[in-house]
Amino acid sequence: METRVLLVEHPIEQSLFAEAGTALANGRIVAFPTETVYGLGASAYLPASVREIFRLKGRPSDNPLIVHLLSADDLEGVVSSVPPAFRVLYDAFSPGPLTYVMPRGERIPPEVSAGLPTVAVRFPSQPAARALIAAAGVPVVAPSANVSGRPSPTRARHVLDDFAGRIPWVIDDGPCEVGLESTVIDLTSDPIRILRPGVVTAEAILMKTGIEVVSWKDTATEEEMERPPAPGMKYRHYAPKAEVHIVLPEKDRSFAGSFLEAIRDSEARTGVFFSESTWNELRKYAETLPPALDVYTYEGERDLTRAARFLFDAMRTLDERGVEHIYAEGFEGDEAAAYMDRLTHAAGAADDRIPEAGTEPGASGGLILFICEGNTCRSPMAEALFNDRFGGTIWRAASAGLSTVPGWPVSDQTLQALREFGIEAEGKVSKPVDLSMLKEAKLVVTMTTGQRERLREAAPAFSEKIISMADISAHARDIADPFGEGMASYRRVRDQINESLEDLFSLLQQR
Ligand code: TXA
Ligand code: MG
């Protein structure tokens with residue numbers, strides 16, 4: 001599929017959006033900018049398009065989407081009732097980066113809310129987003145336009161990095177103003193809770209409206225800590241491939257001094273993210289800086305608003321340059337909550353109350369064994385995709401073939417399809433499946449139900465832990481062999497496997 005990029009000119013002409021808007025209303029996927037991050041848009045009225053969004057992102061099916069509207073006049077049928085605080089909050093903060101969770105209305109299919117009785121609604125202020133929604137004439141669901149697990153996109157180029165050739169339209173209106181996803185608040189609870197921090201803070205809400213809201217963590221039960229009320233907060237997110245470290249200002253020391261201390265002994269390839277002024281200070285110590293330093297700066301003095309705007313671009317850019325460590329500047333204070341939330345998620349460990357993928361209670365970890373025939377296309381693909389997303393000290397994937405000989409290299413098209421996702425699998429060779437592997441594995445996943453049956457027959461003692469890809473979730477299917485076919489088939493296999501991975505991971509948690 002060719003991805004058309006619509007470059008927005010200012011002042012905005014509504015007619016420019018007619019074609020993309022009609023396409024959206026008719027079921028196509030259109031990525032578009034908002035003031036926070038780019039969104040992957042679909043009509044909220046069309047369940048098939050909503051499911052397509054989950055498929056494209058590889059998003060767990062228990063993670064609901066946000067519905068984007070132009071104004072409160074469009075709430076009819078989207079919500080079933082409007083909680084009393086809504087109007088006051090709306091007048092103070094909308095349009096803008098605040099999302100309201102309210103009782104779901106009859107026109108919104110359950111797919112949108114992942115079956116929840118509520119729905120999240122937001123009124124974006126970005127003019128191109130508004131022109132597109134107006135042209136579509138329908139409520140637009142839009143998660144951030146990144147493959148699940150990657151940093152959110154704040155430029156059209158980021159969207160293309162993840163989805164070029166996989167969606168028909170991207171609207172390009174330059175970098176996003178805010179750079180962090182919207183604040184999500186739950187209007188169905190008393191007190192009102194912030195489910196996801198954003199630039200609209202509890203303090204700002206209190207100052208402007210007199211309404212007191214709390215962070216969900218402050219009132220959460222133990223059960224809620226394990227299953228956050230915004231399911232999207234459950235996993236480690238916003239994660240670049242590099243290891244992220246946060247540098248905070250210290251008393252009695254310049255900020256550049258703290259940075260120098262943090263990075264000076266780094267021997268690996270190291271990236272840094274901070275303001276130009278910090279860099280101007282730091283570069284004076286050129287001789288003590290690590291030799292392989294990649295520098296990403298934003299203009300001017302150290303500044304929270306600008307750091308937030310550039311954070312995700314910095315993560316993606318430094319990742320592309322192949323750094324192993326990223327040292328990013330941290331900020332203190334209430335207004336930095338959203339920025340620090342994204343950064344600590346990226347760093348993976350800092351907030352130990354948010355379980356990292358694989359560390360939920362009951363997740364003891366172990367080996368996942370993917371099985372296909374030759375162990376040169378499908379199963380190495382699944383192995384690499386799983387390890388890229390979840391692999392580590394807790395969970396690890398391997399693969400083997402039902403009918404293969406040892407030592408065949410992974411096929412070129414498989415390597416290519418993985419490279420397009422930034423994954424390198426060169427050097428892996430085929431292995432026939434054997435008893436010791438089956439014994440060690442926590443779960444064995446075949447590509448087809450036929451393979452599952454053959455393997456169960458060959459090794460009945462392990463039947464219980466042998467499943468097929470189609471068993472993972474209701475919408476999963478057999479993965480057909482792409483051998484001898486073109487790149488399009490390999491990409492299809494990759495995307496099909498990728499979209500089932502989060503569900504597979506949830507399954508692992510339950511076992
Ligand atoms: O800034 C934003 O909100 C961006 C732009 C594109 O609008 N969108 C965005 O969507 O960040 P997404 O899907 O990446 O994140 C939506 C968050 C998730 O954490 C999800 O769990 C939560 O909102 N959410 C959505 N509906 C919910 C509901 N009914 N109840 C609780 N949480 C909900
Ligand atoms: Mg997101």
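In what order do the 4 strands of the open sheet stand? The order is E12-E15-E13-E14, with parallel pairing. Welcome to this predicted model, where local features need pLDDT of at least 70, side-chain atom pairs count only at pLDDT 80 or more, and totals for chains, interfaces and linings use all residues. Residues are numbered from 1 along each chain as its sequence is written.

**The sheet**
- Strands here are DSSP runs of E with at least two residues, and helices are runs of H or I with at least four, numbered from the N terminus.
- Strands E12 (243–247) and E14 (293–298) form the edges, each pairing on one side only; two strands pair if DSSP finds at least two bridges between them.
- From one strand to the next, the twist averages 20 degrees.
- E12 and E15 (residues 325–329) run parallel and are joined by 5 bridges.
- His245 stands opposite Tyr327 in E15.

**Helices on the sheet**
- Helix H11 (residues 304–320) packs on the sheet and touches E12, E13 (270–275), E14 and E15; contact means heavy atoms within 4.5 Å.
- The direction of H11 makes about 155 degrees with that of E14; angles run from 0 to 180 degrees between N-to-C directions, with helix axes fitted to C-alpha atoms over the stretch in contact.
- Helix H12 (residues 337–347) lies across E12, E13 and E15, at about 140 degrees to E12.

**A helix pair**
- Helices H3 (residues 86–93) and H6 (residues 202–209) pack at about 100 degrees, their axes 10 Å apart.
- H3 and H6 are therefore roughly perpendicular, a label for angles of 65 to 115 degrees.
- Val88, Leu89, Ala92 and Phe93 of H3 meet Ala204, Ile205, Lys208 and Thr209 of H6.

Definitions and conventions:
Chains are lettered from A and ligands numbered from 1 in the order in which they are written. Side-chain values use heavy atoms; hydrogens and water are left out. Angles under 35 degrees count as roughly parallel, over 145 as roughly antiparallel, 65 to 115 as roughly perpendicular and the rest as oblique.
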